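Colleague: I'm new to this structure and would enjoy a guided close look at one part of it. Could you pick a spot and walk me through its surroundings?

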Amino acid sequence: MENKKPTKKVESKNEINNVESTSGSKGEVTTIPKKPVKPPKVEDKPFEEFIIKHFIPGLKTSIEKTGISVLNIKLIDGIRPVVGGKCWIVFCEIAEQRRFWLCFNKDVITSDKTILLAESNSEPSIVESFLIDEKKTTLPLLISRVLQRLNGQKWIGAN
(Lines give C-alpha, C1' and ligand atoms only; values in the text may rest on other atoms or scores of the structure.)
Protein backbone atom coordinates (compact mmCIF):
# COMPACT_ATOMS: atom_id res chain seq x y z
CA MET A 1 0.00 0.00 0.00
CA GLU A 2 1.24 3.42 -0.87
CA ASN A 3 1.78 6.01 1.77
CA LYS A 4 -0.68 8.80 0.82
CA LYS A 5 -1.15 11.94 2.77
CA PRO A 6 -4.79 12.61 3.46
CA THR A 7 -6.08 15.68 1.70
CA LYS A 8 -7.63 18.22 3.94
CA LYS A 9 -10.58 20.10 2.43
CA VAL A 10 -11.74 23.06 4.49
CA GLU A 11 -14.74 25.15 3.61
CA SER A 12 -15.53 28.08 5.76
CA LYS A 13 -18.55 30.36 5.52
CA ASN A 14 -16.23 33.30 6.06
CA GLU A 15 -14.12 32.27 3.13
CA ILE A 16 -17.17 31.83 0.91
CA ASN A 17 -18.94 35.02 1.99
CA ASN A 18 -15.89 37.24 1.81
CA VAL A 19 -15.09 36.50 -1.80
CA GLU A 20 -14.40 39.76 -3.63
CA SER A 21 -14.51 40.27 -7.35
CA THR A 22 -11.36 41.00 -9.26
CA SER A 23 -10.97 42.95 -12.43
CA GLY A 24 -8.22 42.63 -14.95
CA SER A 25 -5.38 40.15 -14.74
CA LYS A 26 -3.53 41.86 -11.92
CA GLY A 27 -6.03 40.80 -9.27
CA GLU A 28 -7.21 44.31 -8.47
CA VAL A 29 -10.07 44.31 -6.01
CA THR A 30 -13.12 46.37 -6.97
CA THR A 31 -15.82 47.23 -4.55
CA ILE A 32 -19.32 48.19 -5.54
CA PRO A 33 -20.30 51.44 -3.85
CA LYS A 34 -23.45 51.23 -1.77
CA LYS A 35 -26.28 53.52 -2.78
CA PRO A 36 -26.81 56.28 -0.26
CA VAL A 37 -29.92 55.85 1.82
CA LYS A 38 -32.52 58.34 0.67
CA PRO A 39 -34.24 60.34 3.38
CA PRO A 40 -38.00 59.72 3.57
CA LYS A 41 -40.17 61.85 1.33
CA VAL A 42 -41.77 64.78 3.09
CA GLU A 43 -45.19 63.22 2.36
CA ASP A 44 -44.17 60.06 4.25
CA LYS A 45 -43.64 61.95 7.49
CA PRO A 46 -46.26 61.69 10.26
CA PHE A 47 -49.39 63.70 9.45
CA GLU A 48 -49.02 66.42 12.09
CA GLU A 49 -45.34 66.95 11.29
CA PHE A 50 -46.09 67.16 7.56
CA ILE A 51 -48.89 69.69 8.07
CA ILE A 52 -47.21 71.86 10.71
CA LYS A 53 -43.65 71.89 9.38
CA HIS A 54 -44.21 71.70 5.64
CA PHE A 55 -47.76 72.30 4.40
CA ILE A 56 -48.73 75.30 6.54
CA PRO A 57 -45.48 77.25 5.99
CA GLY A 58 -45.52 76.43 2.26
CA LEU A 59 -49.16 77.43 1.86
CA LYS A 60 -48.69 80.64 3.85
CA THR A 61 -45.67 81.65 1.76
CA SER A 62 -47.50 80.83 -1.48
CA ILE A 63 -50.57 82.88 -0.52
CA GLU A 64 -48.45 85.82 0.58
CA LYS A 65 -46.54 85.75 -2.73
CA THR A 66 -49.85 86.67 -4.39
CA GLY A 67 -49.99 89.85 -2.29
CA ILE A 68 -52.64 88.59 0.15
CA SER A 69 -51.97 88.73 3.90
CA VAL A 70 -52.40 85.56 5.94
CA LEU A 71 -53.82 86.61 9.29
CA ASN A 72 -54.08 83.18 10.88
CA ILE A 73 -53.28 79.63 9.80
CA LYS A 74 -53.26 76.57 12.05
CA LEU A 75 -53.99 72.86 12.37
CA ILE A 76 -57.03 71.92 14.45
CA ASP A 77 -58.28 68.52 15.58
CA GLY A 78 -61.95 69.35 15.76
CA ILE A 79 -65.43 69.25 14.26
CA ARG A 80 -65.88 70.04 10.58
CA PRO A 81 -67.93 73.23 10.08
CA VAL A 82 -71.43 72.92 8.56
CA VAL A 83 -71.56 69.14 8.03
CA GLY A 84 -70.06 68.04 11.36
CA GLY A 85 -67.90 65.04 12.07
CA LYS A 86 -64.51 64.90 13.74
CA CYS A 87 -61.57 65.59 11.44
CA TRP A 88 -58.24 67.36 11.09
CA ILE A 89 -58.64 70.92 9.84
CA VAL A 90 -56.18 73.39 8.39
CA PHE A 91 -57.93 76.67 9.17
CA CYS A 92 -56.77 79.81 7.38
CA GLU A 93 -57.95 83.38 7.66
CA ILE A 94 -56.73 85.82 5.03
CA ALA A 95 -57.27 89.50 4.32
CA GLU A 96 -60.73 90.97 3.68
CA GLN A 97 -62.40 88.68 6.25
CA ARG A 98 -62.04 85.58 4.09
CA ARG A 99 -61.59 82.15 5.66
CA PHE A 100 -61.23 78.59 4.49
CA TRP A 101 -61.04 75.19 6.14
CA LEU A 102 -59.21 72.29 4.49
CA CYS A 103 -60.51 69.18 6.25
CA PHE A 104 -58.86 65.75 6.29
CA ASN A 105 -61.13 62.86 7.35
CA LYS A 106 -58.17 61.00 8.89
CA ASP A 107 -54.65 61.85 10.00
CA VAL A 108 -53.31 60.78 6.61
CA ILE A 109 -52.70 63.24 3.77
CA THR A 110 -54.27 60.83 1.26
CA SER A 111 -57.55 60.62 3.19
CA ASP A 112 -60.76 62.14 1.84
CA LYS A 113 -60.67 65.91 1.97
CA THR A 114 -63.17 68.75 1.82
CA ILE A 115 -62.68 72.48 1.55
CA LEU A 116 -65.05 75.05 3.02
CA LEU A 117 -65.02 78.78 2.20
CA ALA A 118 -66.54 81.80 3.93
CA GLU A 119 -66.51 85.57 3.37
CA SER A 120 -67.21 88.55 5.61
CA ASN A 121 -67.17 86.67 8.92
CA SER A 122 -70.16 84.58 7.83
CA GLU A 123 -70.52 80.83 8.17
CA PRO A 124 -69.01 78.77 5.34
CA SER A 125 -71.23 79.01 2.27
CA ILE A 126 -69.30 76.60 0.05
CA VAL A 127 -68.49 72.98 0.91
CA GLU A 128 -66.68 70.92 -1.74
CA SER A 129 -64.78 67.69 -2.04
CA PHE A 130 -61.10 68.36 -2.53
CA LEU A 131 -58.55 66.38 -4.59
CA ILE A 132 -60.90 63.45 -5.06
CA ASP A 133 -59.39 62.14 -8.31
CA GLU A 134 -55.71 62.26 -7.40
CA LYS A 135 -53.95 58.95 -6.89
CA LYS A 136 -50.87 60.51 -5.29
CA THR A 137 -50.90 63.43 -2.88
CA THR A 138 -47.76 65.56 -2.70
CA LEU A 139 -46.91 68.80 -0.93
CA PRO A 140 -46.70 70.84 -4.16
CA LEU A 141 -50.01 69.37 -5.37
CA LEU A 142 -51.84 70.24 -2.14
CA ILE A 143 -50.52 73.80 -2.15
CA SER A 144 -51.19 74.42 -5.83
CA ARG A 145 -54.75 73.08 -5.65
CA VAL A 146 -55.59 75.23 -2.63
CA LEU A 147 -54.25 78.27 -4.52
CA GLN A 148 -56.19 77.22 -7.61
CA ARG A 149 -59.38 76.98 -5.56
CA LEU A 150 -58.81 80.37 -3.92
CA ASN A 151 -58.12 81.88 -7.33
CA GLY A 152 -61.35 80.33 -8.63
CA GLN A 153 -63.13 82.10 -5.80
CA LYS A 154 -61.39 85.33 -6.97
CA TRP A 155 -59.68 85.69 -3.59
CA ILE A 156 -56.12 85.79 -4.95
CA GLY A 157 -54.47 86.75 -8.19
CA ALA A 158 -55.34 89.47 -10.67
CA ASN A 159 -59.10 89.13 -11.04
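Modeller: Happy to! Thr137 counts as buried, because its relative accessibility is 8%, below the 20% cut-off for that label. Please keep in mind that this is a predicted model. Thr137 sits in the loop between β7 and α3, the latter covering residues 139-152. Setting aside neighbours within four places in sequence, Thr137 is in contact with Glu43, Ile109, Thr110, Lys113 and Leu142.

Lys113 leads us on to Glu128, as Glu128 also has Lys113 among its contacts, along with Thr114, Ile115 and Arg149, again leaving out neighbours within four places. Glu128 and Lys113 are 15 residues apart along the chain, with 8.7 Å between their C-alpha atoms. Glu128 belongs to strand β7, residues 126-130, and counts as partly exposed because its relative accessibility is 28%. The side chains of Glu128 and Arg149 make a polar contact at 2.7 Å.

Now for the nonpolar interior. In soluble globular proteins, nonpolar side chains tend to be buried together. Here the largest nonpolar core has 32 residues, and Ile51, Phe55, Ile63, Val90 and Phe100 have the most contacts inside it. Elements giving two or more residues to this core are α2, β3, β4, β5, β6 and α3. Take Ile63: beyond its neighbours within four places, it is in contact with Ile68, Val70, Cys92, Ile94, Phe100, Leu147 and Leu150. There is also a second, separate core of seven residues, including Cys87, Ile89, Leu116 and Ala118.

Note on methods. Residues numbered from 1 in each chain as written. Predicted model: local features only at pLDDT ≥ 70, side-chain atom pairs only at ≥ 80, totals over all residues. Heavy atoms only, no water. Helix = DSSP H or I, 4+ residues; strand = E, 2+ residues; numbered from the N terminus. Buried < 20%, exposed > 50% of the residue type's maximum accessible area, 1.4 Å probe, protein only. Contact = heavy atoms within 4.5 Å. Polar contact = N/O pair within 3.5 Å; in protein donor to acceptor, adjacent residues only side chain to side chain. Core = buried A, V, L, I, M, F, W, Y, C linked by side-chain atoms within 4.5 Å.
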